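Have the sequence and the 3D view ready.

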Amino acid sequence: MFEASTLEERRRYYREEWNVKELPDFIKKDLNKREFGFDHLGNGPNDRYRIFKTQDMIRRFMRYRSPFAAYCSIAFYNKPWQRGDWLKSELVFDVDAKDLPIRSCNCEGVCNICLNEARQIVLLILDTLRGDLGLKDIHMIYSGRGYHIRVLDEEVMTFDSEVRSQVLKYVSGAEAPKNKYVLENEVDQKPYELEHFLIPFGYPAVFTSRVKHSIMHITGKEKIENINTKLLKDIIKYRNLVEKGEWGLFKNKIGPIRYKNFVESMSQLNMGIVDAKVSIDLKRILRLPTSLHSKVSMKCMEVKNIENFDPLKEAVPKFVMERKDY
Amino acid sequence: MVSLSFLNPLSSEGEEIVREKGSLDHISDINAELLMVVRESESQKISNDSYIPQSYADLAVKRVEWYARKKNDKKYNHNDYAFLLNPEITEFDVISFYIAAQSVGIKFKPNSRETRLMIEAQGKLVEERLEKIPSYQRKEIVDNLLNQLVFEDNIPWTSIAELLGSKKIRLADLILDQGEVILEKDDFMDRFDEKIIGRPSEKMYDLLIGERIKIMIITRMIMQNTENYIKRVHDMASKIEPHPSLLQIADQITEKINESISYYSSSGGGFGGDIKASELVHEAFPPCIQKTIEGVGSGNRNDAIVLLLTSFISYARLYPSVFRNDISMKISDIDADLQITINEILPLIYDAADRCTPPLFEDDPQEKLNITAKLGFGVHTIPELKNEGESKWYTPMSCEKIKIHLSSLCKPDATCKNIGNPLSYYNRKRWELRKSGGKSKTNEDTKNDE
Ligand code: SF4
Ligand SMILES: [Zn+2]
């Protein structure tokens, strides 16, 4: 498992297993407006600016070249061969199991456990995208080492990087929520304190759920900025309160001053849940669904039912199952 | 009741006023009615004629001058401009809004300092005017304004993306549900009442949303519309011969803004007293800049030099208080003949570029053009006055951005804790250095006095 594939295996994959018909519809549609990129030797996608007018052209290319990795742009262009005349770009969130700021496995690369934790985070983000943000045309892709969430609602595809970064912060819980509020007619009075966990909707609720996920997965070995070992221990000691939803008690145990710092640190930590560079880059290329992630010998694929998705059952190519040590 | 066009001159009422009375031929004539409204405004100073706008043209200039001075001039006194908050002035104000916006649009680029100040002035006027309206009336006005500005019952958050891009509103500060920005109390109760336990939902509404968010959105939308209007004027200006008095007014606006900035620098600095351009203090550079100057490896090289270092060094040298002042300037506003830019700033940047591996200009010679562009002089090999304004003078990126794009350069030290931008680091550190080294200096001074 998770071993690189040989050229021979790649050839077999693209000849016997891969089928151009299985490209997701959202890729097949407007295919000729996207830029494609390939990595032939395993040292990065440096064969770029490629275009395919028809599905058959991709089919032939993949069969003959059996690339180490295949990518396509999240952007649509009138002149994709020069990345010219940009039209719009999907809004993407890249959740990589290897780069999660908190993962309970402590493995070197990726494993079952962190892949599953990445999937749980994807579910949380999905919930926010659908619920709070009301987005509908959302596709989940298993990338081989984590997940891509790709949003194709027309309203968001023309957003610039600035707006994308706001959305990114919202869905990953990367802003410390306000906790002091003033009433209009009481501007001179002491503000009301209203912690995020007392507000069961909107951004504060998003933040609460992300922090809860982190708290429940902390192992105690992490180095988190501004959280010392003592605080880290206390978080673990009292996290059963969070699990039961008794945040008020949890905050009491931590203490108000430490809690404030904790909220700050957590919001910064959450910035690492999703790879920000990917979300704000309008011209990114992303691994092509259905293609082979040769480094780990897994299929990159669209996931229809993320609640029950198990990559070890669904994303393993045949040649891996036929390997001797499988 | 206050007319909506007092707050939103781009409304249909506003347009109506302009259509009826907005001929450009007599805008510089003395207007007796205007004089009366101004003089009778509550707490308006009238001791000096220069306080009193005599004509539409005067008023147009005053609208921007007010804001520039409010921001820059320590001696700013609200009573010099009290008439701006007097609802009686509405008709005159609307007409002069259009005059000012057109003058600015004809003469200046959409990203110019003049355009920005005009837009910000409008935003500030909306805020202050609303604040002065008694709260029992304000609610209705706010609701009417909102109706006028948004056509749907609910605002989809995606429709205010422009405002989010402007960074004045954080997405996280809005209450969102099913893709909509929740603004009305009824709507709020419908959606969330059942979820809220242990405290009155209505109070929760007042705290989280209330008029505050509505006013924020209204203000930003009016500013955005003002910006769009100026852009339209600017695009059209190339096709039609502009009215000469508009050009004159544009010049007056520039003059007043320059005056206000010179008030600022002559009234001495606030914290740190570092308003004026001054020699670079290398010891006060933050870790990320130190590292960049030492030379950067291939991965981050281009961005580190072109984006981070170029903007940092130029602002640190010429205009370290840009964020505190919050007024955008051009390099030549400070370095009029570009001597400092050419002889001090560029060499520093080029040297750092040479120390990179591989040296930046060796494999990317066109990055020289990009550096010029980031200083505000368009895409050319070297900054020249005639090209100034073709691009924007880039302000240094925030620590947050550096942490995302150039994470290997950010090695925070103690001073980094309380700052959000390398430039603020520089100002603070310089101040600290001066404070700690300051004592000995004073001693020296006294010695000299003896
Ligand atoms: S915190 Fe900011 S100033 Fe300090 S090193 Fe990092 S980026 Fe530079
Ligand atoms: Zn793992």
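Helices here are DSSP runs of H or I with at least four residues, numbered from the N terminus. Keep in mind as we go that this is a predicted model.

Next, turn to chain A and the zinc ion. What are the protein donors of ligand 2? They are the SG atoms of A:C105, A:C107, A:C111 and A:C114, which lie 2.2 to 2.4 Å from the zinc ion. Along the chain these donors follow the spacing C-x1-C-x3-C-x2-C. The arrangement is tetrahedral because the four donor atoms subtend angles of 107 to 112° around the zinc ion. For orientation, the ideal angle for four tetrahedral donors is 109.5 degrees.

Now for the protein interior. In soluble globular proteins, nonpolar side chains tend to be buried together. The largest nonpolar core in this model has 190 residues, and among those with the most contacts inside it are A:F93, A:L129 and A:F250, along with B:W157 and B:I217. Take A:L129 as a place to look around: leaving aside neighbours within four places in sequence, A:L129 is in contact with A:F93, A:G134, A:L135, A:I138, A:I149, A:V151 and A:V171. A second, separate core has 45 residues, including B:Y315, B:I340, B:C356 and B:F361.

Finally, a few backbone details deserve a look. The peptide bond from B:T357 to B:P358 is cis, with omega near -15°. B:P358 sits in the loop that runs between α16 (339-354) and α17 (360-363) of chain B. Elsewhere, A:D85 has a positive phi of about 60° although it is not a glycine. A:D85 belongs to strand β5 (residues 84-89) of chain A, and its relative accessibility of 44% means that it counts as partly exposed. In chain B, Q178 is also not a glycine, yet B:Q178 has a positive phi of about 50°. B:Q178 lies in the loop between β2 (176-177) and β3 (180-181) of that chain.

Definitions and conventions. Residues are numbered from 1 along each chain as its sequence is written. Chains are lettered from A and ligands numbered from 1 in the order in which they are written. This is a predicted model: local features need pLDDT of at least 70, side-chain atom pairs count only at pLDDT 80 or more; totals for chains, interfaces and linings use all residues. Side-chain values use heavy atoms; hydrogens and water are left out. A nonpolar core is a set of buried Ala, Val, Leu, Ile, Met, Phe, Trp, Tyr and Cys residues joined through side-chain atoms within 4.5 Å. Buried means under 20% relative accessible area, exposed over 50%, partly exposed in between (1.4 Å probe, protein chains only). Contact means heavy atoms within 4.5 Å. Donors are N, O and S atoms within 2.8 Å of the metal (3.2 Å for Na, K and Ca); water is not among the atoms, so sites may look incomplete. Four donors count as tetrahedral if all angles lie between 85 and 135 degrees; four count as square planar and six as octahedral if opposite donors are over 155 degrees apart and all others between 65 and 115; anything else is irregular. Helices (H or I, at least four residues) and strands (E, at least two) are DSSP runs, numbered from the N terminus.
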